[in-house]
Amino acid sequence: MPELPEVEVVRRGLESHVVGRRILDVSVTGARTARRQPGGPAEIVARLTDRVVSGAGRRGKYLWLTLDREHTAGADCLLVHLGMSGQMLVTTTDAPRVRHLHARALLDDGRELRFVDQRTFGGWTVVPLAEAADGTRVLLPAPAAHVAADPFEPGFDELATARTIRRRDSEIKRLLLDQTVVSGIGNIYADEALWRSGVHGRRRAGALTLATVRGVLGHAREVMSDALDAGGTSFDALYVNVNGASGYFDRSLDVYGRAGQPCARCGAVVVREDFMNRGSHFCPGCQSAPRRGGATRSRSVR
Ligand SMILES: [Zn+2]
């Protein structure tokens, strides 16, 4: 599944290759691609045709294209759901029709924007822009209006977010994954940020210091920024690709997916445990687990 850094690479690719282009013709053939659109494929075609792509936006893992000059609440945007395997490709019109090609938009420079999705959890929806629910007046696709700012946004308030996390006082990892608290931190980067911070994901946020919680948020930004630096230049001029063979980043991860291997910091064996229907990876040596009942074992007395 694409994480924030991959989505940001797609956004940058769309900004370079699609923004400024007029959409001349649209075709949506995938049965599931338009399933979120009340009027189905015909409505997507009608609302995209003859519009100019004016911007490429992202918050967390939400990705959208704004249309025409209407950066106002109520104006249409194209919300792109990448799902598990969605790809946005910019190709020449004579490029081979690959399998799993579900939607195409012919651009006025003779190229084609394609939506390819093997597992069909993704799709396109034309929706209105709306002001963010947090009162910041940032314009977001209406279905994403409840999503909190992500750590990459200029307007991200790390201190206020850390305070919210401590006040909610749930398990720290659960709060990192809660898109109404902070967006864009998926399972992989939550585990990596917690490892860098030396904090176990099941620790109660209210029992951590404000500085520790700010540190976790800082590390989340840092690990995603490292991933972006490593993979952010991997698309070429004709190919904007989220997660095809060459599109997924080679993630250099310290703890995620490394169960049974030694921790790079202390040598203890990395553990995987079930968490929220997924897995959490952590080092029992440098990320002390909370005791049952909520009290937290301190490293010095372990
Ligand atoms: Zn360790």
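Which domains give residues to the lining of the largest pocket, and where does the pocket lie? Domain 1 (4-144) and domain 2 (158-287) both contribute, so the pocket lies between them. I took the domain bounds as they come, from an automatic or database domain assignment.

**Ground rules.** I am working on a predicted model, where local features need pLDDT of at least 70, side-chain atom pairs count only at pLDDT 80 or more, and totals for chains, interfaces and linings use all residues. Residues are numbered from 1 along each chain as its sequence is written, and side-chain values use heavy atoms, with hydrogens and water left out.

**Largest pocket.** I noted a volume of about 640 Å³. A pocket here is an open set of points on a 1 Å grid over the protein atoms alone, where a 1.4 Å probe fits, with protein on both sides within 12 Å along at least five of seven lines; lining residues have an atom within 4 Å of a point. The volume is the space filled by probe spheres set on the points, which are joined across faces, edges and corners. I found 24 lining residues, with M1, P2, K61, G83 and R278 nearest the centre. β11 gives the most, 3 residues. β4 (76-81), α5 (187-197) and β11 (278-282) each supply at least two. Helices (H or I, at least four residues) and strands (E, at least two) are DSSP runs, numbered from the N terminus. By class I read 12 nonpolar, 7 polar and 5 charged. Ala, Val, Leu, Ile, Met, Phe, Trp, Tyr, Cys and Pro count as nonpolar, Asp, Glu, Lys and Arg as charged, and the others, Gly among them, as polar.

**Second largest pocket.** I noted about 310 Å³ here. The lining has 19 residues; D134, T136, A148, A149 and T161 lie nearest the centre. Helix α3 (residues 158-168) gives the largest share, 3 residues. The classes are 9 nonpolar, 6 polar and 4 charged. Domain 1 (4-144) and domain 2 (158-287) both line this pocket, so it lies between them.

**Helix α1.** I checked residues 4-17: 14 residues, reaching 20 Å from first C-alpha to last, close to the 20 Å expected at 1.5 Å a residue. The expected span is 1.5 Å times one less than the number of residues. Is α1 enclosed or open? It is largely enclosed by the rest of the structure, because 11 of its 14 residues are buried (under 20% relative accessible area, 1.4 Å probe, protein chains only). Among them are L4, V7, R11 and H17.

**Record check.** UniProt, in an unreviewed entry, places "domain: FPG-type" at residues 254-288. I computed 0% helix and 29% strand for that span, with its end C-alpha atoms 17 Å apart.

Note on methods: UniProt positions are given in the numbering used here, feature names are shortened, and annotations may be inferred rather than shown by experiment. Buried means under 20% relative accessible area, exposed over 50%, partly exposed in between (1.4 Å probe, protein chains only).
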